[in-house]
Amino acid sequence: MKRNDSMFRRKNWFLALFLVPIGLHQRATAQEVFPDGTAIPEWFSKNTPTDISKLGKRYSITVYGVTKDSTVIQTQKIQAVIDKAAASGGGVVVVPKGTFLSGALFFKQGTHLHLEEGARLKGSDDISNFPIRLTRMEGQTLKYFTALVNADSLNGFTISGKGTLDGNGLRYWKQFWLRREFNPKTTNMDEMRPRLLYVSNSRNVQVSDIRLINAPFWTSHYYKCENVKLLNLFIYSPKAPVKAPSTDAVDIDGCKNFLIKNCYMSVNDDAVALKGGKGPLADKDPNNGGNENIIIEDCTYGFCHGALTCGSESIHNRNIILRRIKLNHVERLLWLKMRPDTPQDYEYILVEDIEGTGVENFLYIRPWTQFFDLKGEKATRLSYSKNVTMRNIRLECNNFFNVGIADKQANTNAFEYQLQNFTFENLTIKANKQLNIDTSIIKNFQLKNVTINGEKRY
């Protein structure tokens, strides 16, 4: 992964400007309302670089006893710098050029992280350097391993710079696949792995310009946060030669007002996954929550399982926008994971101004039964997805309409999930399979100007 980041980002910006039709680009930038008609706050469009000169004193870790030695784990010394900054009223913890090896670090109110160009904060590949604490994983609140960078209950936390957060995941990935080979039923959490970045219960968070690579588990995870901006990030974990399992780029877990802009994402799982809880009583658990007002725009995707995924642990997502996106070898553009053991409502979703090649599925909606567990309840749960619009899209894909409804539940007349108020508009699709749209699956399905393989079908 050696590349000139500035050149890479300029190239992506060029693609965003010229590969998306100019008229569509202008139309998208003029959009001022969410899919449910409510106004998009100005906060989403007022994006400025993090200015560390305004964040207090700078604490360069090498000035405070951290040595430039990529082979020595220096968790305690780096944490001591964070603690010193916090005790002094806050400031910016600066990682200078060089590679610094660490276990879990915990940022405190008023402290920030800045990675200078050429800096690499690298995670230990020994899980014992990541203590177990009460945290959030896979739709549950439980004790699990902490991340490399942790921030909880902070207001105004930032991570900035041209440097790298490196999860050093290779050893974890190899151990996971070896264990899966020994025990095919091994789950994600059976193999002990830390996340790269975990931010929880926080407000006014900005992560900008850095590289997040080689995560052992999820790359970045945001739980019960409000007003979060991810700007100009490069997020990568490989699919080969060793697959990096479950390295989701961004997991949004019960958050409100969330912007992902001008980012590159390529990981061996979902790029952006909306989460919030799972189980038959998930909507009654105060630890869970829905996602509201989420915008992903002007991004470029490499390989991933889903560009935008609702689930697999999700109860309510509302006002979700994915727009002005370039895709390359993405498994699914929009993926709705419908769990029959969890009540779900995915509503007011807009996917627009998209171009892509090598995409496996345009729309993928199927029952999600992995790790199905009714937790003693007898009846499966009814879920919904409604008010979904996909428009102004030019895509080359293998499967176009990969949508199926679950079988009727035993002794009931209800489906396990219901789909309604979908709109396909201004689609130019080249596809190999599943070309026909089964309008009986979705109630009130509107089709406008849909061209498939050069033939206008609707």
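S246 turns up in the loop between β17 and β18, where helices (H or I, at least four residues) and strands (E, at least two) are DSSP runs numbered from the N terminus. This is a predicted model, so to speak: local features need pLDDT of at least 70, side-chain atom pairs count only at pLDDT 80 or more, and totals for chains, interfaces and linings use all residues. Residues are numbered from 1 along each chain as its sequence is written, and side-chain values use heavy atoms, with hydrogens and water left out.

Though not a glycine, S246 has a positive phi of about 55°. S246 counts as buried at 7% relative accessibility; buried means under 20% relative accessible area, exposed over 50%, and partly exposed in between (1.4 Å probe, protein chains only). The loop between β17 (234-236) and β18 (250-253) is also the place of P241, and the peptide bond from A240 to P241 is cis, with omega near 0°.

Another cis bond runs from G311 to S312, with omega near 10°. S312 sits in the loop between β24 (308-310) and β25 (316-328). As for N426, that residue belongs to strand β29 (residues 417-433) and has a positive phi of about 55° without being a glycine. N426 is partly exposed, at 30% relative accessible area.

Strand β10 (residues 158-161) is covered on both faces, with T158 and S160 buried on one side and I159 and G161 buried on the other. Strands pair if DSSP finds at least two bridges between them. β10 pairs in the parallel sense with β5 (residues 111-115) over 3 bridges, and G161 is the bridge partner of L115. β10 also runs parallel to β13 (residues 203-208), joined by 2 bridges, and there I159 stands opposite V207.
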